[in-house]
Amino acid sequence: MDLFEVYKKWDIEPVCGKDTTLWTADGTEYTDLYGGHAVISVGHCHPHYVEALTRQAKKLGFYSNAVKNSLQSKLAAKLGEASGYPDYALFLCNSGAEANENALKLASFATGRARVLAFCKAFHGRTSGAVGVTDNPRIRAPFNANPNVSFVPLNNLEAVEKELTQGTYAAVIVEGIQGVAGIYEPSDDFLLGLRDLCDKTGTLLVADEIQSGYGRTGLFYAHQHAGVRADIITSAKGMANGFPIGSVLISPAVKPSYGMLGTTFGGNHLACAAAIAVLEIMEAEHLVENAAKVGAYFREVLQGSKAVKEYRGRGLMIGLELKSEYVGLRDRLLFEKHFFTGAAGENVIRLLPSLTISMETAEAFVKAWKELTA
Ligand SMILES: Cc1ncc(COP(=O)(O)O)c(C=O)c1O
């Protein structure tokens, strides 16, 4: 059987990793500033993470949500504390798209309304509801076009106000920082205004922190830089360092009822053990602070680079929009200097490294960058 080829792949196969280093079978070494798309938060094969997963796999890997699972409660307590949302409730699922599906479903249940406001260039996942609020018709099949969804430009409060004052919206969904679009931030004023409009119109504010959350921007969630609180927050990618998991944090104003949400695999023992280990490592190694520190260094040295048209993002969620003459730079970083980086479109390099990245690794990357752009 052949694979159903939907991914454009490099002809490179990493077979093992340690922290921010990857190796192929022939021993060739690469430095990972992509983190498998913002997923590797505590470094590849962190000993505490490996130990926690191994220990749990030997004890009990899975049982369904029909029984008690104290690992889920432990994760909820730790995540509540780390995120600054200790009073919220946690629903666990398996991926980012699934977290957004559940967030929007909850908002609709809670308000009794059907419509959702989303932003131009947004990416929220590929399942039906999530792709319905994703502004990319190329990945939305006719089946997924959703008449209940409207899109307005990010950072345009007037356009938001015009929609929300109709009083028909269950939710507004906004990325902490738009990732797939090429790293575009909602401004602090915009988020404050959005919060206010949501309050005035009885609309729930859903923050999609799937890429921007979990400490990546130097605070636990990116929307917290604006000092706002969301009603529902979704996380996935960095939560369990590659073990599939997704989460929805839910305001106490939204009340649960049996059966309103559900999943077979969500919150299983292995996923919870992995996610707890990630939070323990983040706390012990001060990784949120490290993301802020290394991110500040990248900004300081790369925003003036002659290859960079615009430096966007915060902390370790970085978009480097290249001048047109440097469009092949990402391939050169990989094939000549052995640095993995991410992309957004043709001309934006995305840096989404593990939050464990050292200053030495960051400096080595900057050296390689300077050599290729001299
Ligand atoms: C902001 C955002 N939301 C949702 C998703 C979808 O997550 P998943 O691929 O785990 O379904 C992504 C994935 O890139 C994302 O960046």
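Guide: Angles under 35 degrees count as roughly parallel, over 145 as roughly antiparallel, 65 to 115 as roughly perpendicular, and the rest as oblique. The model is predicted: local features need pLDDT of at least 70 and side-chain atom pairs count only at pLDDT 80 or more, while totals for chains, interfaces and linings use all residues. Residue numbers run from 1 along each chain as its sequence is written.

Start with helix 6 (residues 157–164) and helix 7 (residues 188–201), whose axes come within 10 Å and cross at roughly 10°. Helices (H or I, at least four residues) and strands (E, at least two) are DSSP runs numbered from the N terminus. Axes are lines fitted to C-alpha atoms, for helices over the stretch in contact, with angles from 0 to 180 degrees between N-to-C directions. Helix 6 and helix 7 are therefore roughly parallel to each other. On the helix 6 side the meeting residues are Leu 157, Val 160, Glu 161 and Leu 164, and on the helix 7 side they are Phe 190, Gly 193, Leu 194, Leu 197 and Thr 201. Contact here requires C-beta atoms, placed from the backbone, to lie within 7 Å.

The next pair is helix 3 (residues 70–83) with helix 8, which pack at an angle of about 30° with their axes 9 Å apart. That angle makes helix 3 roughly parallel to helix 8. The crossing of helix 3 and helix 8 is left-handed; that term applies if the near helix is turned anticlockwise from the far one by less than a right angle, and right-handed if clockwise. Helix 3 brings Leu 71, Gln 72, Lys 74, Leu 75, Lys 78, Leu 79 and Ala 82 to the meeting, and helix 8 brings His 269, Cys 272, Ala 273, Ala 275, Ile 276, Leu 279, Met 282 and Glu 283.

Ala 275 leads on to the core. The largest nonpolar core has 109 residues, and Val 206, Ile 232, Ala 275 and Val 278 touch the most other members. Helix 8 (residues 269–284) gives the most to this core, twelve residues, and at least three residues come from each of domain 1 and domain 2. A nonpolar core is a set of buried Ala, Val, Leu, Ile, Met, Phe, Trp, Tyr and Cys residues joined through C-beta atoms within 7 Å. A residue is buried with 20 or more other C-beta atoms within 10 Å of its own, exposed with 12 or fewer, and partly exposed in between. Not counting residues up to four places away in sequence, Ala 275 touches Leu 75, Met 239, Ala 240 and Ile 245.

Helix 2 (residues 47–59) contains His 48. The C-alpha atoms of His 48 and Ala 274 are 9.6 Å apart, although 226 residues separate the two in sequence. Leaving aside neighbours within four places, His 48 is in contact with Ala 277, Glu 280 and Ile 281. His 48 is partly exposed, with 14 other C-beta atoms within 10 Å.

Now the domains. The chain is divided into domain 1 (14–46 + 286–373) and domain 2 (48–284), with bounds from an automatic or database domain assignment. Their C-alpha centres lie 26 Å apart. Domain 1 puts 28 residues into the contact and domain 2 puts 27. On the domain 1 side, the elements giving two or more residues are helix 1 (35–38), helix 9, strand 11 (308–314), strand 12 (317–322) and strand 15 (348–351). Helix 9 gives the most to that side, with five residues.

Helix 9 (residues 287–302) also packs with helix 11 (residues 359–373): the axes come within 10 Å and cross at roughly 20°. That makes helix 9 roughly parallel to helix 11, and their crossing is right-handed. Val 294, Tyr 297, Phe 298, Val 301 and Leu 302 of helix 9 meet Met 359, Ala 362, Val 366 and Trp 369 of helix 11. In the segment after helix 11 is Ala 374, which counts as exposed with 7 C-beta neighbours inside 10 Å. Ala 374 and Lys 306 are 68 residues apart in sequence and 8.4 Å apart, C-alpha to C-alpha.

Most residues other than glycine have a negative phi. His 37 counts as partly exposed, with 13 C-beta neighbours inside 10 Å.

Note on methods:
Two residues are in contact if their C-beta atoms, placed from the backbone, lie within 7 Å.
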